[in-house]
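I opened the model, picked a few spots to look up, and wrote down what I found as I went.

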Amino acid sequence: MLGVHEFSIAEGLAAQVLANAPAGARVREVEIRVGALRGLEPEALLMCWDSVTFGTPMAGAILQIDQRAWSITCSDCRREWTSPVPFVSCECGNATPIPSGSDELDLIAITVDEVET
Amino acid sequence: MSEQTRTVRLPVMRRVLEANDDIAAATRAELALRGIFAIDLMGAPGSGKTALLEATLRALAGRRRPAVLVGDLATRRDGDRLARWCDRVVQISTGDGCHLEAMQVRDALAQLDLDGVDLLFVENVGNLICPVGFDLGQTAKVGLFSLTEGDDKAAKHPYFVAEADLLLLNKIDLAPHLSFDRAGFEADVRLLNPSVPILDISATTGEGLDAWLTWLTDR
């Protein structure tokens with residue numbers, strides 16, 4: 001087991017996907033949304049996802065990670081923008097704009113192959 | 001009739017860690033019912049989590065009825081240290097797990113007699129990243145930094161800072177020997193968490209511990 005929290009997240013995700021997939025359906029794609037605060041490493045999660053789903057109906061399913069950026073607000077000039085990192089300077093010279101990020105970690109949707117008879 | 005497959009996209013919209021969150025919510029309700037204030041104590045390895053708890057348990061002796069859950073990777077050393085000051089200590093061995101999860105806390109609590117307990121400390125695994133995203137059912141998250149880690153650790157761990165209900169800055173007795181930019185540290189904290197109290201303490205000398213004990217007793 002990998003000593004990273006992405007492994008626990010992958011395990012939680014696999015359980016949540018199984019709970020929401022129709023019985024017997026093969027899972028093709030899994031979409032999640034992750035807030036900037038979580039500081040998630042997509043590469044680590046993808047690796048853990050492959051490991052956790054090996055030998056399950058989710059094996060090989062593509063994991064789409066919608067990683068939200070930080071919202072940055074300049075307290076001097078009021079400019080607002082998004083950034084992959086929280087601590088950035090503003091064009092106006094302000095070295096300490098205010099970062100805000102959400103802590104969401106949600107399973108948005110799954111795409112499955114359903115067998116029709 | 002021949003079998004055909006069709007590919008469908010099914011919207012879900014549920015939390016990934018829902019199973020953990022459900023257990024944490026049940027723990028929180030149980031602790032509230034018992035009137036137990038529960039702290040998830042998080043901090044880096046060597047920041048002084050166990051030393052802080054030792055000093056805190058010593059100071060609270062006879063005044064509060066605390067219990068302690070202590071997460072430790074591989075040893076019983078932290079639990080043994082704390083058992084000198086508290087008769088209700090449960091060690092949670094995490095193996096190579098980098099954080100505690102709600103199920104481990106629930107199972108450890110089941111090993112404790114909680115009658116009369118009014119305060120619960122959960123010492124998380126030494127780590128500034130992994131523990132933050134896992135709800136344990138705590139009442140408050142306390143983040144412990146120390147001067148020896150350097151003044152950039154708040155900026156480097158935004159989730160840790162943003163989620164904290166209280167931040168403690170330990171080892172202030174070492175300030176004369178270190179170039180720690182205290183104002184810069186606090187400025188980084190304020191950008192991420194404008195209202196969190198920051199208390200300067202030394203678990204070793206006892207400096208600043210009164211403010212921490214007051215914060216505890218005001219809960």
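Entry 1: Asp78(B) sits in helix α3 (residues 77-83) of chain B.

Leaving out residues up to four places away in sequence, I find Asp78(B) touching Thr50(B), Val70(B), Asp72(B) and Glu123(B); a contact needs C-beta atoms, placed from the backbone, within 7 Å. I also looked up Glu54(B): it is 24 residues from Asp78(B) in sequence and 9.7 Å away in space, C-alpha to C-alpha.

**Entry 2: ground rules.** A reminder to myself: this is a predicted model, where local features need pLDDT of at least 70 and side-chain atom pairs count only at pLDDT 80 or more, while totals for chains, interfaces and linings use all residues. Residues are numbered from 1 along each chain as its sequence is written, and chains are lettered from A and ligands numbered from 1 in the order in which they are written.

**Entry 3: the sheet.** Which strands make up the open sheet, and in what order? I read four strands in the order β2(A)-β1(A)-β6(A)-β1(B), with mixed pairing; strands pair if DSSP finds at least two bridges between them. The edges are β2 (62-67) of chain A and β1 of chain B, each pairing on one side only. From one strand to the next the twist averages 15° (axes are lines fitted to C-alpha atoms, for helices over the stretch in contact, and angles run from 0 to 180 degrees between N-to-C directions).

I then walked across the sheet. β1(A) and β2(A) are parallel, paired over six bridges, and Val34(A) stands opposite Gln67(A) in β2(A). On the β6(A) side, Val34(A) has Leu105(A) as its bridge partner, and Glu31(A) has Ala109(A). β1(A) and β6(A) run antiparallel, joined by eight bridges. Crossing into the other chain, I count 10 bridges between β6(A) and β1(B) (residues 4-15), again antiparallel; there Glu116(A) stands opposite Gln4(B).

**Entry 4: the chain contact.** Chain A and chain B each put 34 residues into the contact. On the chain A side, α1 (5-20), β1 (26-34), β5 (98-100) and β6 (105-116) each supply at least two residues, and β6(A) gives the largest share, 12 residues. By class, that side has 18 nonpolar, 10 polar and six charged residues (Ala, Val, Leu, Ile, Met, Phe, Trp, Tyr, Cys and Pro are nonpolar, Asp, Glu, Lys and Arg charged, the others, Gly among them, polar).

**Entry 5: two helices.** I looked at how α1(A) meets α2 (residues 42-53) of chain A: the angle is about 50° and the axes are 8 Å apart. The pair is therefore oblique (under 35 degrees is roughly parallel, over 145 roughly antiparallel, 65 to 115 roughly perpendicular, the rest oblique). Residues meeting there include Phe7(A) and Ala14(A) from α1(A), and Leu45(A) and Trp49(A) from α2(A). The contact has nine nonpolar, one polar and two charged residues.

Definitions and conventions
Two residues are in contact if their C-beta atoms, placed from the backbone, lie within 7 Å.
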